[in-house]
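Hi everyone, thanks for coming.

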Amino acid sequence: MSATAFPNTPSDGRVLSRGELHASVRDPVLDTMTFLNEITHRYPDAISFAPGRPYDGFFDIEQVFDHLRGYLDHLAALGRTPAEVRTALYQYGPTAGQIRGIIADSLRADEGIDVPSESVVVTVGAQEAMLLVLRALVAGPEDVVLVASPCYSGITGAARLLGVTVVPVDEDENGFSLTELETVVARERAAGRRPRALYIIPDHSNPSGNTVDRDTRDLLLAAAERHGLLIVEDSPYRRVSPGTPLPTLKSLDRSRTVVHLGSYSKTVFPGARVGFAVADQRVVGEDGYTGLLADELTRIKSMVTVNTSSLSQAVVAGALLAADGRISTLNAEPAAYYGDAMRTTLHCLDARLPAARREELGVRWNRPAGGFFLSVQVPFRADNAALARSAEKFGVLWTPLSYFYPDGGGEQALRLSTSYLTKAEIEEGTARLVDFIEAQTAADQDLVPEPVHSRPR
């Protein structure tokens, strides 16, 4: 057919104006991971402290089949017929999830969270759980969601997609500032807005690595109840950290103030994409309706993902059953590994930048006891341009902490992830990082840096 057959059809087809698309497609928050992936692929030999992912060495392909078989055997032991087992594996399954009882049992055994299985919604990772909770709680333009800041970019990204206003509440040395919470709540209400919820990662937060101490947890619950706030507690790093964790906010919750989010991405494997929300808050309607917030989340989910993969749920359930529901048992070895990785990173940083030199440069970092992340304050702008120089000239990657501040901040700080590296990679990576920090500081101060080879390696 000749090109002149359709003379009114442009050769490049329909062209859309980006300005006519939803504003979220132009939001810098949605570009952060794209930039990191691009830099990673551009410099494949760089040692990367950027990805917050589990260490590959703990994954064994055969385990997937073992977990799957374990779950199928569990169904058979419950008296399910072969046809029912086949349906459970191959069909869509209930929107709220088909392993809710197993998850509820696990939470009871490991976390002291005692809730009925009906309050659990199985989601496509914790990211979907965030989306569902935001959509359910924010009813109008006056509603806002508070977030502990700096915060995981997934919650701010989901909020931008939904047009939800996010208001930061700054962390402090205890992991969260109650004084700042009081100030922010009062300010928002004075402006005619209604704070609906507070999103927080109390244990080894992403990105800072900070943990909310025990006393602050009790005070935070009391403050939330006093102000009529729901707390949205995200908990991905508790069971990949060494030692006994502090109690979850949900386990301390006596007034159904906490919506608890969980993920099996770190504790089982990310490719499963299985998370959950515990939403046992009662919901009543003017027509006499009574139910749980979990029911409302399920209604929304039916229009988002329909259901969570039955195959993925089966594998996760098999992993839980194999450990008698205890993620702590399942992750004993990984938690020890990640704890050692964090200690190695801190030791190497201390050795390569002793206290006197850190003070001279204006560099400092926190000291998480677990989790995947720590944050480093530096005397220069740690932006995308600095990251590109770090990758190209020094062969080391990290994440700008500014990515995680909803309203700006963190311009002179970076996040290090310690989870994905071997001890040898950490030792070499911290050496390269310190070389970069020294050189970048000198360049910003218009000084000549000490030759790299003269510093101890």
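I'll go through the cores, the aromatic rings, a helix pair and a few backbone details.

First, the ground rules. This is a predicted model, so local features need pLDDT of at least 70 and side-chain atom pairs count only at pLDDT 80 or more, while totals for chains, interfaces and linings use all residues. Residues are numbered from 1 along each chain as its sequence is written, and side-chain values use heavy atoms, with hydrogens and water left out.

Let's start inside. By nonpolar core I mean a set of buried Ala, Val, Leu, Ile, Met, Phe, Trp, Tyr and Cys residues joined through side-chain atoms within 4.5 Å. Buried is under 20% relative accessible area, exposed is over 50%, and partly exposed is in between, with a 1.4 Å probe and protein chains only. The largest such core has 40 residues, and those with the most contacts inside it include Trp365, Leu374 and Trp398. Among the elements giving it two or more residues are α1 (32-42), α13 (332-352) and α16 (423-444). Helices here are DSSP runs of H or I with at least four residues, strands are runs of E with at least two, and both are numbered from the N terminus. The largest share of this core, 5 residues, comes from α16. Apart from it lies another core, of 35 residues, with Val133, Ala277, Leu292 and Phe373 among them.

Now, rings. Phe, Tyr and Trp rings (six-membered ring for Trp) pair if their centres lie within 6.5 Å; planes under 30 degrees apart are stacked, over 60 edge-to-face, and the rest tilted. How many aromatic pairs does a search of the whole structure find? There are 14. One of them joins Tyr237 and Phe373, edge-to-face, at 5.5 Å centre to centre with 85° between the planes. These two are 136 residues apart, with Tyr237 in the loop between β6 (230-234) and α9 (249-252) and Phe373 in strand β12. Both Tyr237 and Phe373 are buried. They also belong to one aromatic cluster with Tyr55, Phe58, Tyr337, Tyr338 and Phe372.

On to the helix pair. The axes of α13 and α16 come within 9 Å and cross at roughly 35°; axes are lines fitted to C-alpha atoms, for helices over the stretch in contact, and angles run from 0 to 180 degrees between N-to-C directions. Residues making the contact (heavy atoms within 4.5 Å) include Ala341 and Leu349 of α13, and Ile426 and Leu433 of α16.

Next, the backbone. Which peptide bonds are cis? One runs from Ser149 to Pro150, with omega near 5°, and another from Asn206 to Pro207, with omega near 20°. Pro150 lies in the loop between β3 (143-149) and α6 (153-162), and Pro207 is in the loop between β5 (194-200) and α8 (214-227). Arg256 is not a glycine, yet its phi is positive, near 55°. Arg256 is partly exposed, with a relative accessible area of 42%.

Last stop: Val122, in strand β2 (residues 120-123). Is Val122 buried or exposed? Val122 counts as buried because its relative accessibility is 0%. The C-alpha atoms of Val122 and Ala277 are separated by 6.7 Å, although the two are 155 residues apart along the chain. Leaving out residues up to four places away in sequence, Val122 touches Ile99, Phe276 and Gln313, among others.
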